[in-house]
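These are my notebook entries on one chain.

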Amino acid sequence: YKLSVSPEMDIMEYCRKEWRGNTPVAKRMRKGYEAVAQKFASIRRIRGDNYCAFRATLFQALSQATQLPRWLQSEDFTMLPENLLSKYDWIKQWQLKQKPGKKMGEISDEIKEYLILLKKKWKNISEVKDPLEKQEACDKLFKNEEEEYSLYEALKFLMLNTAIELYNADKNGRRVPVFSWLLFARDTSCNPCQLMHNHLNHIGHSGGLEQVEMFLLAYALQYTIQVYRLYKYSTDEFITLYPNEPEEDWPVVTLITEDDRHYNIPVRMCQETML
């Protein structure tokens, strides 16, 4: 049994345990962790499978949720699978983690269930006022493997929906964020169908999220994802924002990465930072 989100540990203690040597890399990592420790007291390790970017982002979003995001409140939110399938037949090739090889025609109902679950969990946790209880509710959710993976399927589907919206907006001459051009400039994802086949279907199975897909996740959730990229310490990219020009009313979640592949989360903002 693996913990999805392990208990808190002092950030500098964690750093000393992980980066002992005197190589240039170890020195840079230590400097990076010192900078994070100016703002946050502790770190929680995220289970390292190909879902860790989803896990870290969703855990942070739910930990600080005080209300349902606007996009989760809309009436037709749970109708997404049916609505998209009625327009795009290729979505039948969607791959579910728990049900590889099952046809989309049959699993549209399952994705609907996952979207309903996401809405329900977000609503329940955001209504918990006591910070300790809220943390316990999040910990409990991320110990339930089946529910947890169902939520990631919901997130992947929301990313597909967002990609389709951006692709269509660009084709109709509307302004789209720069990352959207980059997303569809790749040989492997020049349209949403290819994005699904070559990228989204593989997330969690054989790969995690690439940089440009972190932007897509941020847009799907309407959250700014702030990442301390420790190996980029002392460069402009040490703290990277997805998207880099965030909407003012989007909440912010913070993650830590040493290599852009695995993500952990900093917790317990230092008092002076909060003031």
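Is Asp-49 buried, partly exposed or exposed? I find Asp-49 partly exposed, at a relative accessible area of 24%; the classes are buried under 20%, exposed over 50% and partly exposed in between (1.4 Å probe, protein chains only).

I note that this is a predicted model, in which local features need pLDDT of at least 70, side-chain atom pairs count only at pLDDT 80 or more, and totals for chains, interfaces and linings use all residues. Residues are numbered from 1 along each chain as its sequence is written, and side-chain values use heavy atoms, with hydrogens and water left out.

Entry: salt bridges. I took a salt bridge as a side-chain nitrogen of Lys or Arg within 4 Å of a carboxyl oxygen of Asp or Glu, and by this rule the count is 17. Asp-49 pairs with Arg-55 at 2.9 Å, N to O, and Arg-55 is buried at 0% relative accessible area.

I then looked up Lys-112 and Glu-82, whose side chains form a salt bridge at 3.4 Å, N to O. This pair links distant parts of the chain, 30 residues apart, with Lys-112 in helix H6 (residues 104–126) and Glu-82 in helix H5 (residues 80–87). Helices (H or I, at least four residues) and strands (E, at least two) are DSSP runs, numbered from the N terminus. Lys-112 is partly exposed at 23%, and Glu-82 is partly exposed at 34%.

Entry: Thr-224. I located Thr-224 in strand S3 (residues 224–229) and read it as buried because its relative accessibility is 3%.

Entry: largest pocket. I recorded about 880 Å³ of space in the largest pocket. Of its 25 lining residues, the closest to the centre are Ser-63, Gln-135, Val-267, Arg-268 and Met-269. H7 gives the most to the lining, with 6 residues. On a 1 Å grid over the protein atoms alone, a pocket is an open set of points where a 1.4 Å probe fits, with protein on both sides within 12 Å along at least five of seven lines; lining residues have an atom within 4 Å of a point. Points are joined across faces, edges and corners, and the volume is the space filled by probe spheres set on them.
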